[in-house]
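Morning, everyone. I have one structure to show you today.

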Amino acid sequence: MSKATLLSVKSITKKFGGLVALNNVNITVYEGEILGLIGPNGAGKTTLFNVISGVYKPEGGRVFFDSVDITRKPPHQITRMGIARTHQIVKPFNEMTVLENTMIGALFGRLASRITMGEARKKALETLEFVGLIDNADAPASKLTLHEKKTLELARALAAEPKLLLLDEELAGLNPKEIEESLNLIKQAKDEKELTIIMVEHVMHAVMNIAERIVVLHHGEKIAEGTPMEIANTPRVIEAYLGEKELALKFVKKLKPQK
Amino acid sequence: MGLSTVVISVVHGVLWGIILGAASTGLTLLWGVMKVVNVAHGEILLIGSYLIVILYAFLGLSPYIGLLASLALGLITGLAIYWGMLHKLVGKVEKVTLKIEMSTLLIMFALSVALSNSYYHFIGSEPKGLGLWHFGLKSSIDIGSVVVRTNSILAAIVAVIIVAALHLLLTRTTLGKSIRAVMQDAQAASLVGINPVRIKMLTTMIAIGVTTLSGFLIVLHETAIIPGTALIYTPLAFVIVVLGGLGNVLGSFIGGIIIGLIYGLSKAIIALTFNPLASAPLALSTAFIVLILVLLFKPEGLFGR
Amino acid sequence: MVKYPLELSNIDAGYGEAQALWGVSLKVREGGINVILGSNGAGKTTTLRVITGILKPWRGDVKFLGENIVNVPTHKRVDMGVGMVPEGRRLWPQLTVYETLELGAYTKHAKEKFEKNLELVYTLFPVLKERSKQLAGTLSGGESQMLAIARTLMSSPRILLMDEPSLGLAPKLVIEVFKVIEKLKKETDLTVLLVEQNVYMALQIADYGYVLEHGRIVLEGSREELKESERIKKAYLGL
Amino acid sequence: MGSAKGTVKSYIGKPTPILILALTITVVFARIFNVATLDTLVIFTYFITIAASLNIIMGFAGYVSFGQCVFLGIGAYIYALSIYYVPWMNTLQKIGGEGIIIVGLFASSIAALVAAVVGAVVLRLRGAFFAIATIGLDFAAMYIVMGIVPFINPEQFYGAQVILPSHCLVDKSATFTAMLITMITVLVTNYLIKRSKFGMGLVSIREDEDAAEVMGVPTARYKTLAYTVSALFTALAGAIFYLNGGGVYSEAFDLAHTVDMIVMIVIGGLGTVLGPLIGGVIYYWLYDTLLIHYPGVNLIILGIIVALIILFAPEGVVGILRKYEVRGVRLREILE
């Protein structure tokens, strides 16, 4: 099965002062897949997202999206090209309503140059319906619960009609029931909207379940790449991240056999 | 002729800079520690200046006594400002957001409006000063071709003492360390038993106290003050605090000297190359251009890491 | 006879309108390592915030040494002996290690024991002695965690609360931190209340534990009981 | 693909602020026309104009432009110098209100140009740093003007005062007309911005600039544009105001002007369309009443009142009212 490459991260190096946050990282993302990005805190996952979405400019390397070099483009242009993201720490526009928040996504997303206010509103309403926040459409975003805020982040990103969605710890801070709801939503979004997704995640069993491939970062370096099963059996990963081999295998045992 | 103009201008500039540095430390504390954008700084300086002048002119009290009185009044004013205006905005919050910071800016501006109009109404717009009072035997000293007023020298000495005392307070005492701890993480401070509200109150008192105390320096340097004097010192204090880095007392002091130096130098150059009459305002404008440049290229201040 | 220096009864608490804890009751056993386990967002940190007084509960009592301290502000609780190592260390980056330790002993009763506690801290963490003049902001992750624990120890606490001390540390350091906690238990008469997501590690050192889910206590027991619990095996250890 | 005119269409039928606006203006004017002199009317409209101008950058985009008066000063000085030295401009402005606006637009577009150039750089700063930088800008400009203007004409411009000779002065009714047109234009501009994609972008910048940028809002461009538009109207108001006063002084750069603007928006409600209008009316009334009844201490009292508003009603009148509904219509939709 040959899949088209949607995003390729080539030899990215990013430093903060003396600290090397990303060291020569290469990652390829294929159209239509869910790629899990894991690693301990400080491994460089969020930094990588920031490089892809243009918030940080790397010292070395290139990022190609749809074969276009986006390394030096400002974040808003990258968003317009079709990359949307959510934040680990939710950043809703507190004094705007949920609907207005989502409209921002639609207005400045991939269709930014064409969409009218009316269409954006319609798009936002549809998206809120899809994620299940429609009843809160007129509420100020500040009034939402954490789970709802996270869902709103997702809605804003989806309203932008992206080709690639970057999810930064979408599940962190949620309880098991909410995690399951969010996972279902992500799967559904992926299928219905033909999305490609990269997700940074700490909730191991979740990412092991949903991702088709996983990349492991450690101290800014890619130390492994492969299917969840392969990852769980890589000694370096076990040592660096999972800690206990048995524990790692237990995560995988929970997995349903791959099709 | 040209060279001596430069020397005179630079010496006076640096003396003024020392005074400016000390007079700005209160602002760096309030803004750096409490995130209170004190745009009433100049008016608060004048509280001290006017008190000293009034005590001298009407009661015949020595300015040295006035100096102590202005510190005392400053501490009380600080207490009142904290409980009356700041506590509600910054007292209990864990993190001062941009919005809160802007509220402090607005409320301090309201204070400055009230204070400056109080000066106009109750004291009047005529220049007020210490008249012929001066420190030492002669009213001025000649150093080569430069004539310096002894009052300017006294002001510089007091300025250095103020800055040294404040620096020691912040670095050597438990109170000072607590102030720095609250500035960096108030919640962590409360977890070792520090009461952040008390520290914020004391910080306000110290900051305002040091500011009114510095009012003495302003009277000595300016010879006579008017309510409008505040309008020069507020923006300059902001320039200096930004230059020195928020919350950095020594930085502010050095920042003041740098601004004084830049002012003196550019004043001399403009006077020599353009016109002496235009030199003062244009030299002042350079200070603000420096401000914008520092903000853009080194917002953490010249001495920040 | 087991004593309970700290007791929570029927705590309801939350942020704004969102409730985070529902009727949480727990008793901390003296001289042992008590743990509160649970996933992210289960209410563990909220519980600690209620104990330290950073968050005032809507309902319920917090009893410390038999006294209800619900209305006592955080800084006074520290004086009473409630010491907390906050999540994410929360050091003061521009203060030196020594200054941090000095401020740790801010309260009156802690100041009296400053020398003794400093010695204890330096024996536990020799590296801090070496770095006493260094700014806290320049320490490595592991050293920062040591300093955070040391700072709290300097306040001479009766009970030591720790909020996810392993968070964000490399696995090797995690083990080191847990060893320190065990050592603390052995060498002092401290009572420890540890909040952890890392259930596997926490169960290695715990004497007694509670499990929080969705803001409610769903399980409690001794280490052995918890280890054997089907619920824990399934939900947290993935067995 | 939906209607291309969706932008306008989707809002037709709602109780538009435009209506309310027109109504308010009519009512206010009908009440005061008989008693008020043209001078007070100019001041009144001037107040609302500058408040609404600042609202664009401070209310919508959340950037506290504390040195906004720099544009007031630039506009006033360029206008005064233009009619002083350029005969055809003087002739043009004498046609009446529209003439003043045209010459005023020349002066204010230079101010806007300054805003665009400076803004592109200074708007990289946030919060208090931006506020302080704008103060720096204002003072730098003021001292430059004080240093340079006297030398343009040493006999006439002593102390940087440009007093307009009688052949440059215009009828008060003309300045009033010009100010009224400006006021209505800036209010309508506020309304159009608020209801546009641009306005939503600005508000998202105010709420969280980093998130806005990542969501595709061209933050740098939007901020600069808002700052420029804001400067344009401020300068225009300044030009007309000082023309009405018969001359311009370095006092035009006084931060007190910004205080006026900020106080009005804060009273009325930051970032709302009707906030500057309501705030302007209240402020003017307050200002006037205090001046009449408590001369001398009027500004002291004003300062205290403003402090109380910040402490106890930080959302302003509109902020308080917008939470309510009247006959099923949410006031939020009308007022904002």
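First, a term: two residues are in contact when they have heavy atoms within 4.5 Å of each other. Keep in mind that this is a predicted model.

With that in hand, which residues does A:T86 touch, leaving out those up to four places away in sequence? The list is A:E153, A:L154, A:A157, A:L166, A:L167, A:D168 and A:E170. Two of these names come back in a moment.

Where does A:T86 sit? It lies in a loop of chain A, between strand 6 (83-85) and helix 3 (98-107). Buried or exposed? A:T86 has a relative accessible area of 0%. The cut-off for buried is under 20%, so A:T86 is buried.

Now the polar side. The side chain of A:T86 reaches the backbone nitrogen of A:D168 at 3.2 Å. The side chains of A:T86 and A:E170 are joined by a polar contact of 3.2 Å.

Next, chain C. It has 11 helices and 10 strands. Its radius of gyration is 17 Å, close to the 18 Å that the globule rule gives for 239 residues, so chain C is as compact as a globular protein of that length. Its C-alpha atoms fill a box of roughly 50 × 40 × 40 Å along the principal axes.

How much of chain C is buried? Of its 239 residues, 56%. And the surface?

Last, charge. Chain C carries 32 positive and 29 negative side chains. The centres of those two sets lie 1 Å apart.

Key: Residues numbered from 1 in each chain as written. Chains lettered and ligands numbered in written order. Predicted model: local features only at pLDDT ≥ 70, side-chain atom pairs only at ≥ 80, totals over all residues. Heavy atoms only, no water. Helix = DSSP H or I, 4+ residues; strand = E, 2+ residues; numbered from the N terminus. Rg over C-alpha atoms; globule rule 2.2 N^0.38 Å. Buried < 20%, exposed > 50% of the residue type's maximum accessible area, 1.4 Å probe, protein only. Lys, Arg positive; Asp, Glu negative; His and termini not counted. Charge placed at Lys NZ, Arg CZ, Asp CG, Glu CD. Polar contact = N/O pair within 3.5 Å; in protein donor to acceptor, adjacent residues only side chain to side chain.
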